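The sequence and the structure come first.

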Amino acid sequence: MHYIAAGSGPPIVFLHGFPDHGLGWRRQIESLCGNYRVLAPDLRGFGLSDRPRGHANYALLPNLVQDVLSILMAERLSQASIVGHDWGGTIAWWLAMRVPRRYATS
């Protein structure tokens, strides 16, 4: 899974909508990376991330939610704020429902 990571400080994860990619958040990344650890993945099937075949590989649960959790694990983060737009907002909502102590959603 490809993602942009910039800055240091409290982590914020930006989840894009359809049919965008992580660089759609470039202005927010540039503005916030001075005070925050900003992460913006290319969600599964978009940008530079893998495009597995078959509809089942794009199921919200467990795949898309787990993709975001995997990024946090790779970054060794126990908590993060999540900002989601469009389809990314749906993933953010499910993250808040599945693991509410790890996230603050917007």
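## Charges, fold and a loop residue

In this predicted model, the mean position of the 10 positive charges of the chain lies 6 Å from that of the 7 negative ones. Lys and Arg are taken as positive and Asp and Glu as negative, leaving out His and the chain ends; each charge is placed at NZ of Lys, CZ of Arg, CG of Asp or CD of Glu.

Residues are numbered from 1 along each chain as its sequence is written. The model is predicted, and local features need pLDDT of at least 70, side-chain atom pairs pLDDT 80 or more, while totals for chains use all residues, and side-chain values use heavy atoms without hydrogens and water.

The chain holds three helices and five strands, in the order β-β-α-β-α-β-α-β from the N terminus. These are DSSP runs (helices H or I, at least four residues; strands E, at least two).

| Property of the chain | Value |
|---|---|
| Span of the C-alpha trace along the principal axes | about 40 × 30 × 25 Å |
| Residues that count as buried (under 20% relative accessible area, 1.4 Å probe, protein chains only) | 38% of 106 residues |

Glu75 sits in the loop between helix 2 (60–74) and strand 4 (80–84). Its relative accessible area is 19%, so Glu75 is buried. Leaving aside residues up to four places away in sequence, Glu75 touches Tyr3, Ala5, Arg37 and Leu39, where contact means heavy atoms within 4.5 Å. With Tyr3, the Glu75 side chain makes a side-chain polar contact at 2.7 Å (a pair of N or O atoms within 3.5 Å, one able to donate a hydrogen and the other to accept it).

How values were computed. Buried means under 20% relative accessible area, exposed over 50%, partly exposed in between (1.4 Å probe, protein chains only).
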